[in-house]
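The sequence and structure come first, followed by the pairings.

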Amino acid sequence: MSNIPFCNNCGSELQADQIDIANDTGHCLKCNTTTKLSSNFEILDESIQPLEKLTNPPTKSITLAKTGENSYEIRLSRSRSRASGIALLVFSAIWFSFLFFLGVFTDLELFFSLYMIPFWIVGTGLVMYGINLITEIQKIAINYDSITISKQRLIKPVNLSINFKDIISITIEISRSDSVDSNGGTSTSYHEFPTITYKNGRKTFFETAKLGEKHWVIGFLNSIYSNAKKLNKDIV
Ligand SMILES: [Zn+2]
């Protein structure tokens, strides 16, 4: 589990120069609020927390609704994925204009040549992925038997119901990606994805949420999952 401190107000990661360990404070530059660093650990606590402690999502971008006696729905605000989608569309616009000017300054035929096909495919993929993020709504429904991950979007919508019996773990998985920067050096970045690992595979969700939001949703799902296990021995 990650130990990157985060803002309790908006869920953003706090960088080293924003934290003051001696005074137990972190100052978020995005929303200009101060977080008590030790309060992060209440959300980060890996042990299962009682549900009463988790009924307030950390930010307004996550909403929790009780939909039945033992069922809840968690919704991630569209603003989270929309921001990533817009960033991708801007990037793909730069990508296409670069291809176009490359064509103009060398030989316009190049722009429409066979060699360009892979670049066209990459650019089109970026546009489609961007549009998908902009139109996406993600919801998680949980009751005492199953978790349903729903991603309403244009391309590859998801509606997956996972029975508690099949669940292996509900955790934050860290994935590493290496990229080449403009100086030719490589830089490594880490992404944290809420993930349910189950009998038939694994599924990530709330990928565009802020770190504090991801930790909260994982804590909430684990709390219900463990309550259900205590009540129903068949699940284990
Ligand atoms: Zn903040």
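## Pairing of β5 and β6

β5 and strand β6 (residues 137–142) run antiparallel and are joined by five bridges. Two strands count as paired if DSSP finds at least two bridges between them. Strands are DSSP runs of E with at least two residues, numbered from the N terminus. Within this pair, Arg-75 stands opposite Lys-139 in β6.

## Basis of the description

This is a predicted model, in which local features need pLDDT of at least 70 and side-chain atom pairs count only at pLDDT 80 or more, while totals for chains, interfaces and linings use all residues. Residues are numbered from 1 along each chain as its sequence is written.

## Pairing of β4 and β5

Six bridges link β4 to strand β5 (residues 71–76), and the sense is antiparallel.

Ile-62 lies opposite Leu-76 in β5, and Lys-66 has Tyr-72 in β5 as its bridge partner.

## The whole sheet

Both pairings belong to an open sheet of five strands, ordered β4-β5-β6-β7-β8, with antiparallel pairing. At its edges are β4 (62–68) and β8 (158–163), each of which pairs on one side only. On average, neighbouring strands of this sheet are turned by 15° against each other, direction ignored. The axes behind this angle are lines fitted to C-alpha atoms, and angles run from 0 to 180 degrees between N-to-C directions.

Terms used
Helix = DSSP H or I, 4+ residues; strand = E, 2+ residues; numbered from the N terminus.
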